[in-house]
Structures are given as structure tokens and as C-alpha cells.
Amino acid sequence: MIHDKMRSELESKQIFEFAKKHAYEYVDTVDEQRVFPSQESLNNLRHFDEPLPVDTGDPIKILDQLQKFGAPAATAQTGGRYFGFVDGGAVPISLAAKWMTDVWDQCGGLYVISPINGKLEAVCESWLKDVLALPQETVAGFVSGTSMANLSALCAARYHVLKNLGWDFLEKGLMQAPKLRILAHQQVHASVKATFALLGFGSQNIEWLPADKQGRLDIQQLPELDNSCIVLLQAGNANTGAFDDIDAVCDLANAVGAWVHIDGAFGLWARACPQLQYLTKGMEKASSWAVDGHKTLNTPYDCGIVLCRHPESLVTALRASGEYIIYSEQRDPMLYGPEMSKRCRAIELWATMKYLGRNGIEQMVGRFYHLAKRTEAGLKASGFRMLNEVVFNQVLVACESEAQTKMVVQAVQDSGAAWLGGTTWQGQAAIRISICSWKTTEEDIDLLVSLMSAANS
Ligand SMILES: *Cc1c(COP(=O)(O)O)cnc(C)c1O
């Protein structure tokens, strides 16, 4: 019977030993692997096209299939030369903690189901407030990523602002509600547009504000705010890394009772690095913030955080209730996010923060900036055109012509030695380099620069 088979697999540990062997093999070779899979590896993905088996499988063969055809089709995000998107690697302790505690398979939604997750969420909340210097009343919710964190924060904002206008959103909904003014600039992250759609705001109802050449909100163009406003700011533009003038906008908003939300998926961590802290000046004056662990902090994926200084509004806006739900005196994680059953993602975040400590976080963030400046210097010296001021971890450059720019992107991608992405910046093709893996070294940067220069000459 299948139950006996599974029981013996658990007891013998053979498949776990096998998994460990394959995992170590990957870790030991990731730096020599192609950063993006070869065409052959991509073709081999066809081995996964098969009907659902009728009979019970052989677990060793299943793991083998994953290792043989799966691993070569993974991008080497945990190596040092993946510069596409703002992704980040995984700090070893974060992987180890995840691995060790995966066997607990906890449902993280309620304290009564997983006291350890409730505890570690509370600890992470307090450490995050400390390292990001946020107001004492701030609460944190642990969600899948910044997409979900932005959504949660904007639900709180919608509830809160409408309540101030005398409208109970939970009872009466959005259809007949007093008009909210949603302000965002044209350089919001692509995911924010999806979030607005989910919230039912409608893209035509957004007051889209102009952005300057660096992709920052042009504050001269900010219209007069009032207490029906929700303003979305960015700490870290996904192309340029630029930060909006948070301080000035928060002052204007707070004077009239508007809500400011800051999308700081990767950039909020600048706050943890004294050298870069100036970028987030005044951020403690906002109402809510969204940040990822899985980008700059290099936790494994599935680690987003919503932070909100109005706990009541966040919890009320996201509240689910049911007769069978047992809330406790302790922290119930599901109150601070939209999901009920969820992974205990605070475990990896806790392990990462405990391991790095304040100094380690500062070093890691500072190093991304240092390496970005090195990239900038190298590319400038090789004749590339800089399109952004490098203030954080993003470097945006172009060649003499569109065609040349696209050709360099293609050449680097094809080389397999590094990976970066192309983008369009202010109507022109551009090359976008994100530095956010702890694994990346100065040698990796120099290699990237030489690959790009060779392709461009
Ligand atoms: C990545 C990113 C998001 C989306 O976050 P996910 O973790 O991918 O859900 C939102 N905003 C910015 C600025 C980002 O960089």
C-alpha cells in the first residue's frame, strides 16, 4: 500500500540523502554553470511533458528527473553573475533554516496552529522596525512578495481614508463610495498597475504624475493634496534605482491627512546603511511601506513584508472571520495579510537577520552600491553612455545606437557567462544591470564589463 511505502521512505531517509547530494552538487557547480540555460537544456524540458502517471512512482527516479532536466534549466540566480531583474541570491543560513524547518510543514496562519511562526513574526516585526527606523506603532505582515505587500497596504489605505471621509468601506464597498484620489507617478513598478486593477481603482481614475529624468516623482508637478488622497511613492526605481523625495511629499500629505504608501521592494534597505540613509530621508513619516526580503536582503523567495503604522486599519481591512477561527492573545499572522494558510516565511527572515545583524546588513547593502559604482566606472571607461545616476544598486546604460544596445544585451545573454536584461528607458533601448546577490564579487563585475565592452567593439 502506498501509505506503507511513504512511511518507509520517511524512515529510511534514502530520498532525503539523495536530495541532499543533488543539492550540494548544484551549489558546488552553480558558478561554473551557464547563467541562463543552453538551448539544449531548454529543449530537454520536453521530458516533463507526460500524462499524469497511473501508478505510484519511484521517488529516486523522480528526483533524478529533476536533477537531470530541471537543474540545467534553472537560471543561476544563486551564482554571482546574474544581473537581470532585481533578484538577489540566498544567504546560506537562510537556506539551511528553510531546509531544516520545511520538515515541520507548519500552517503559519494562526498562533494556535503554529506558535513558533507567531513568535518569529513578532520578533521580525520588532527587528524590522529597529533596522528600518520606523515608528513604534508600526505592525508588519508577512506575505509572498512586494506585490502582495503593496496590495495589503493599499487595502488598509482605502479603508482608512474612506473611514475619515465618513464611509464604512467594509459594509458599503467601493461602488457608491466618496471619490478617492489615487496619485502615482508614471514610473511605478509594473506590478503596481496590476495591484490597482485588483483594487478596482481603474487606470483612468489614477492621477498619473510626471517623473523626472531619473524616474523620480517630479515634485513641482504634485497637485494640491487633500484628505481623500492616497499617494504612492517609490524607494528604488526598478530601472534607475532612484528614490522619490519622500520627505517633502510626506510633509505635504500629513498636513492634510492624506495617506502615503512607499513601494520600497528593494530600496527600503538603503535605510539600513548609514552611507545611503539619505535616500530614505523622512520615510518614517509615511503611513505604510512594502519591502522584500528576497531581493536586497537575499532571503529565499516568497518573502515580502507589509509595514503599516495604522495597525487597526490594516487588520480591519484584511479581516477574515469564521466561527471556527480561534484568535489568541498571541500574534495571529493571518490578521496582518490577506492570506490564511501560508508558509512560515518569517523563519528564513529571522535566521537571515539574526545571522547578518545590523553590521552585516549594512555591509551587504553598502557592497551592492560599491559594486554598482564599479560597474559604472568600468562601463564609462569603455565608452558606454550612462543613463542614470547610480545611487543604489542599479546601472542603466546604452550604446551609440539602439541596434548596438540590443546587440550587446543579446551577446551577454548568449555568452552564458552572465545575464542581464534590456529595457526601454525614456523611449530608447537600454541595458539594465541589477546588483543584488551577496555572491557577486569585483571580479564578476570586471568580467561583465569586459563581456559588454567586447560585444560593443
Ligand atoms: C520587485 C518589485 C515589486 C514586486 O515585488 P514582488 O516581490 O516581485 O512581488 C514591486 N515594486 C518594485 C519597485 C519592485 O522592484
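Begin at K295: a polar atom of its side chain sits 2.9 Å from an oxygen atom of the ligand. Keep in mind throughout that this is a predicted model.

Next, select H294. An N or O atom in the H294 side chain is 2.9 Å from an oxygen atom of the ligand.

Now show the rest of the surroundings. Which residues are around the ligand? Besides D263, H294 and K295, the list includes G145, T146, S147, H189 and S191.

Step back and colour the chain by domain. The domain assignment gives domain 1 as 2–72, domain 2 as 99–353 and domain 3 as 359–456. Between the C-alpha centres of domain 1 and domain 2 there are 37 Å.

For the next stop, select helix α5, residues 92–102, together with helix α12, residues 346–381. How do these two helices cross, left-handed or right-handed? The crossing of α5 and α12 is right-handed. Their axes come within 8 Å, at an angle of roughly 145°. To see the contact itself, show side chains on both helices. From α5, the residues taking part are I93, S94, A97, K98 and T101. From α12, they are I347, E348, A351, T352 and Y355. By type, the residues of this contact are five nonpolar, three polar and two charged.

Finish at F18, which belongs to helix α2, residues 14–29. What does F18 touch, leaving aside its neighbours within four places in sequence? The contacts of F18 are with I60, L63 and D64. Select W289 as well and draw a line between the two C-alpha atoms: F18 and W289 are 42 Å apart in space. Along the sequence, 271 residues separate F18 and W289.

Key
Residues are numbered from 1 along each chain as its sequence is written. This is a predicted model: local features need pLDDT of at least 70, side-chain atom pairs count only at pLDDT 80 or more; totals for chains, interfaces and linings use all residues. Side-chain values use heavy atoms; hydrogens and water are left out. Domain bounds come from an automatic or database domain assignment. Axes are lines fitted to C-alpha atoms, for helices over the stretch in contact, and angles run from 0 to 180 degrees between N-to-C directions. Helices (H or I, at least four residues) and strands (E, at least two) are DSSP runs, numbered from the N terminus. A crossing is left-handed if the near helix is turned anticlockwise from the far one by less than a right angle, and right-handed if clockwise. Contact means heavy atoms within 4.5 Å. Ala, Val, Leu, Ile, Met, Phe, Trp, Tyr, Cys and Pro count as nonpolar, Asp, Glu, Lys and Arg as charged, and the others, Gly among them, as polar. A residue is near a molecule or strand if one of its heavy atoms lies within 4 Å of it. A polar contact is a pair of N or O atoms within 3.5 Å; within protein, one must be able to donate a hydrogen and the other to accept it, and residues adjacent in sequence count only if both atoms are side-chain atoms.
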